[in-house]
Amino acid sequence: MARITWRGHSTQELLSILRLRWSYMKHCWHSLTFNAHMNSSYASDVCLTPIFWFVDNYTHCLGPFFVVGVAALTTSVVSIAYWIGLPFWWAKSQLVTYFLLIVGNWLLLNVVFHYVMAVITPAGHPPEGVSLVEAVSMCGKCIAPKPPRTHHCSICNRCILKMDHHCPWLNNCVGYGNHRYFFLYMTYTTLGCLFLILFGLEIGHKYLWLDHGENWTEIEPLEGQPVKFNLSGHIIPVTHPNEYDEFMLPPAVHNLPTPIVDTDAASPGRRRALWFMAFTNVAVVLALGSLSIWHAKLITRGETSVEAHINEAERKRHLQQQRIYINPYNFGTKKNWKLFLGLVRGRSFWRTVLLPSWHKPEGTGLSFHTVNDVPFEDEWP
């Protein structure tokens, strides 16, 4: 029986060489990828490292463009509301128009105020070059003491007090100093968009739905002549111009009111503006509305978005040890909201929340009371 050879090697020798090379490649792969912490999360972090690098190094460059975009978008939406909505409601009811102007401008004032304050107010960072008795750990990137609830922002390249996240739309970190401005901006923007949607439904129905076919042009003219059915059911052509069968009767005259078509409001430019308003407001309500609900849940639990992940991991770890983890900064729904909104030292809800307020958060952001401390009053700290 003939033996198969290749370059002087028999079949068995070739198989042995292939096995050795396959084992060598597997050994090289395991040596490069295997360690005691290797899992799917670690592998995904390694794959996403280039994206993280891009975000850390270039998000601060894109921040100003995001801020200009928010300002331009807000200005365009408000301008269209005054351009189309104000004349429509003024012709419909002047009393309702006064109400809409008051409510709408109140919402606009809060949106603009809280956005500007969220952009220009520093989130807060630990003081440098001083000894911090409040420090609970060291930052591996800053090589500096870290107070409680402080985390390092790789985009700002510094530690942020009570950090929640870095927001590119603000070109700023959201933390101890401006978290309230950020949340109220989202809330008032969502309410403002819902306000425009609610009182813009009738405008959209009129000019985008009912008047959609008023300016159509007929490409192919109709041909033929009118017909009617006789008593036997046959179709016969109508050869006389009168409306009725009796030839002696004159044609009927109908004095019907002629609808007044607002050609300016039905123009293509205004329709495009209304479609822009519809898509923009719905998108903002879905995006900022869901984000506002998420942050409201975090505030109710007395935690930030960073602490939400930490506390979830701690709950799982304590559960494995058959223990219950308690968030040390959760004082209950009512007190958590009062502390977050600054409703302390006699501040009222209408003056602090319903109207723009410059008041700063209580304390320095370097230390916080916990549920393990002696009961304290609403003043913080």
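1. The accessible surface of the chain comes to about 25800 Å², of which 66% belongs to carbon and sulfur atoms; such areas come from the Shrake-Rupley method with a 1.4 Å probe, and for residues only the protein chains shown count as cover. The model is a predicted one, in which local features need pLDDT of at least 70 and side-chain atom pairs count only at pLDDT 80 or more, while totals for chains, interfaces and linings use all residues. Residues are numbered from 1 along each chain as its sequence is written, and side-chain values use heavy atoms, with hydrogens and water left out.

2. The chain holds nine helices and ten strands, taken as DSSP runs numbered from the N terminus (helices: H or I, at least four residues; strands: E, at least two). Of its 381 residues, 31% count as buried, where buried means under 20% relative accessible area, exposed over 50%, and partly exposed in between. Among contacts with a separation of 6 or more, 62% are between residues 24 or more positions apart, a contact being heavy atoms within 4.5 Å.

3. The largest nonpolar core has 40 residues, and Leu170, Phe183 and Ile203 touch the most other members; a core of this kind is a set of buried Ala, Val, Leu, Ile, Met, Phe, Trp, Tyr and Cys residues joined through side-chain atoms within 4.5 Å. Helices α3 (49-92), α4 (94-120), α5 (179-210), α6 (268-301) and α8 (333-341) each supply at least two residues of this core, and the largest share, twelve residues, comes from α5. Beyond its neighbours within four places in sequence, Phe183 is in contact with Ser292, His295, Ala296, Ile299, Trp337 and Phe340.

4. An unreviewed UniProt entry places the feature "transmembrane region" at residues 62-84, 96-117, 182-201 and 273-294, and annotations of this sort may be inferred rather than shown by experiment. In the model, residues 62-84 are 100% helix and 0% strand, with the end C-alpha atoms 33 Å apart, and residues 96-117 are likewise 100% helix and 0% strand, with the end C-alpha atoms 32 Å apart.

5. Which residues make the nonpolar surface patch? Trp106, Phe349, Trp350, Leu354 and Leu355 form it, over about 460 Å², and helix α9 (residues 349-354) gives the most, with three residues. Such patches are made of residues with over 30% relative accessible area and no salt bridge, nonpolar side chains (Val, Leu, Ile, Met, Phe, Trp, Tyr) being joined within 5 Å and like charges within 9 Å. Phe349 counts as partly exposed because its relative accessibility is 44%.

6. The count of salt bridges is eight, each being a side-chain nitrogen of Lys or Arg within 4 Å of a carboxyl oxygen of Asp or Glu. Glu128 pairs with Arg158, the closest N and O atoms being 3.9 Å apart; this pair links the loop between α4 and β3 (137-139) to strand β6 (residues 158-160), across 30 residues.

7. Arg345 and Glu362 meet in a salt bridge at 2.6 Å, N to O; because Arg345 lies in the loop between α8 and α9 and Glu362 in the segment after α9, the pair ties together parts that are 17 residues apart in sequence. Glu362 is buried at 13% relative accessible area, whereas Arg345 is partly exposed at 49%. Salt bridges with shared partners join Arg345, Arg347 and Glu362 into one network.

Key:
Buried means under 20% relative accessible area, exposed over 50%, partly exposed in between (1.4 Å probe, protein chains only).
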